[in-house]
Structure formats: C-alpha cells, structure tokens
Amino acid sequence: MTVLLRGVRPYGAGDPVDLLVRDGLIAGLGAGLDATGAEVIDAGGLVALPGFVDLHTHLREPGREDAETIATGSAAAALGGYTAVFAMANTDPVADNAVVVEHVWRRGREVGLVDVHPVGAVTVGLAGERLAELGTMARSAAGVRMFSDDGHCVADPLLMRRAMEYCTALDAVIAQHAEEPRMTEGAQAHDGELAARLGLAGWPAVAEEAIVARDCLLARATAARLHVCHVSTAGAAEILRWAKGQGIGVSAEVTPHHLLLDEDRLTTFDPVNKVNPPLRALSDTKALRAALAEGVLDCVATDHAPHAPQDKDCEWSAARPGMLGLQTALSVVVETMVRPGLLDWRGVARVMSERPAEIAGLPDHGRPLEPGEPATLTLVDPDASWTVRGVELASIAGNTPYEGMRLPGRVVTTLLRGRITAHDGKVLS
C-alpha cells in the first residue's frame, strides 16, 4: 500500500511537508513529493505523531464479552490513535498461563487493528498466594514481557521479591497496582474532608505510597524493572522522584482521568466517577501534571476499563470501578498538558508513544518520523474539538466520565505499519 499524506506537520513543528508511505515504511518526507498511484490524503494542518502505545488496557476477553471484546477494544484504540495496547490479565479465566495469553495474542492478530500484547498475571488467579507460570508465558507464542496483577496488589513483599527476581531473569517488566489492601478495605473515595462529608469510607493516599516505596526498594535489591500503574497522589510522585534519583529501575504511568478529574466529581454519587485508585484532591491532580511534564511520571496510560450496564448503573457502593479511556486520552492530554503549555507536541509523542514503547520493549513502535522507519503513526487535528457521547464510542460499554464534555484535539487517521486502520471516525478493517 502506498499512501501520500499531504501537508502534515511532524511533531507539530516547522512548515508542512508531504509524508510518503510505501511497503509499511516512511519512504519520503519533504515538500512536493509525488507518488504515482498512491492514495492521497489531504492532511493539511494535521500534526503527525508516532502511533500511541497504551501500557494499560482492559479488553475483557475472554470472559466478559458483554463489556468489551478484543475486536471492539481494538477499534476504540485505533480510533484513539493507538497502534499497540497491553491487555491486562484480569480476564475470566485469568491470563495466568500460556493458553490464555496465546488466545489474547492470536485474537489480537486476527482483528489486526492494533498490536495486542497480553499482560501475564503475576500470581495464580490474581490471588496473591503463589507465582503464576511466568516463564511459560514468556516463552509462549505471545512472548509475554510484562506481568501484573492489576486490579489487585501483590501485597506479600516476599512474593513480590520472588516475582521481581523471575522477571529480571526473563528480561520482563513487573507492573504493580500499588494499594496496601489492609488500608483500603471497604474504601469508596479519596480519604479526606469530602469523603467524610459524603459518608464514604476513605481511601488514604498512604495506601498507594507505602507500596510504591516498598517496591522501589525491592527493585533496587533485585535489579528489577518496576513499572507503577496509575499513580494518583503527589506523595507517590515524590517517592518516584527520589527513586529515580537513586538510579532505581522504575517507571510510572498516570491516567488521563487523574490528570483532568478530581474528587469533586463524587458529589453527584454517579458511579461513572468511581475508579481504582479513586479520583484524588485537586492538589494531587496538579502535582501529577507537573510530574508528567518533568518526566518523573514517564507516560500516560488509559486504564481503559469498560463495564456492562449492570456493573455501573447501580448504587455507588455496588458499582465496579473503572472508566473508558482509549478514544478520549489524546484530547484529555491536550486539555490538561498542551493547552496550559506543560507539553508541546514533541512532549505528547514522548509520553504517549516513545516512553511507553521503550518501557515495554517494542522496537517498531514509538519510532522517529524519518525515512526508513515504520509508518506506524497518528494524525491529529490540533484545532478541532468534539463532544463526547458514550453511545458513539466504539466500545460496547458506555461508562465514560466525559459524557457531554467538549474536548480539544481529534485523532483523524491512524496507520499501523503503513496500513490505515482508522480514518475520520471510522475503522478500516
């Protein structure tokens, strides 16, 4: 397939140029390119970025296809500008063995809209009691290189140390859901004045920060590559700043919703705002934005968590935590980071593509926009805005916290190794 993108602005800088895609690679970049027989796309004014990589996606298949499937989740990802996603292990059955991770990997290849990389569970059944078959999953056809019990913390420090040692030997990343469970039993909201006023059991920041601190020390002791999922507190960011200063091999992500939303959303008791970890104080939100701009937080990861209506359209205490995120992530980053001047478009490429690809070890994602590199990229209209409607999103579920919100920036086209997977709001199989 040969495609000529006319008038793009790589990384949003400089004069518009033409970008020629041939045989899955960027074949040319410059003014006035010509390619007889190429599909020509008028990309005037669009920003070209490397395709986005999401280290934290819940695709629900197998087991909860009433909420999402690999096909619908892949469609949402492509429409959101993503070219690779990492599917978390909390499926049913749990992805704690080679059979399940290979199913997820093969199904992702069949759909073909994004590269779907299964994340293997750290412990059997996510129960936190004994290690899963890490080596078998790593040696499987899926080639698992990230392990996580996300949704559950690996709370046992001895078990976490053993898992880190195995992951070091396998050259794999261990991603931790940082939550000390003894501090969060029954918790429903960020622990503070608002939770007390609403009568909701508090979820203290120290429950996250204690595990982040512990695991950074364990990572130093084992030379492991630790990745901290969905950082939500200013204190956790401070610990990570210290750990990186010590040379500890730790990376960390922040979700779009923790960059934009805060605990004030809970006053309506709408379960669409219930998430794990919870929406925090405004001071935490501001601190997370600063930490992302500084590089203390490495990347943005969606924690895309679709839920069936019966799991969200109920009373607050019974609702499952989680929010949709794949199709809105870019716009939230524009709203919280680009518009205030905390990141430019080169910075967006860093936190949504380059760093997550580097953390996960994906050699053909997050690459420079240069001739000879894979044509795996995203075109963004920086001047557009759109209104979020859950029913119009590609996911089966509709639990978006941004319902009715007007957001800036819109993904126009996504290419995976030269093949257009999404264009102008439509998925191309």
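## A buried glutamine and the salt bridges

Gln 176 is buried, its relative accessible area being 2%, where buried means under 20%, exposed over 50% and partly exposed in between, for a 1.4 Å probe and protein chains only. This is a predicted model, in which local features need pLDDT of at least 70 and side-chain atom pairs count only at pLDDT 80 or more, while totals for chains, interfaces and linings use all residues. Residues are numbered from 1 along each chain as its sequence is written, and side-chain values use heavy atoms, with hydrogens and water left out.

Gln 176 lies in strand S10 (residues 173-176); helices (H or I, at least four residues) and strands (E, at least two) are DSSP runs numbered from the N terminus. Leaving aside residues up to four places away in sequence, Gln 176 touches several residues, including His 152, Met 160, Arg 214 and Leu 226, a contact being heavy atoms within 4.5 Å.

A salt bridge is a side-chain nitrogen of Lys or Arg within 4 Å of a carboxyl oxygen of Asp or Glu, and by this rule the count comes to 21. Three of them are listed here.

| Pair | Closest N and O atoms |
|---|---|
| Arg 64 and Asp 311 | 2.9 Å |
| Glu 358 and Arg 355 | 2.9 Å |
| Arg 410 and Asp 424 | 3.6 Å |

Glu 358 and Arg 355 both lie in helix H13 (residues 345-360), three residues apart, which is about one turn of the helix. Glu 358 is exposed at 54% relative accessible area, whereas Arg 355 is partly exposed at 21%. Both residues belong to a network of salt bridges that also links Lys 244 and Asp 298.
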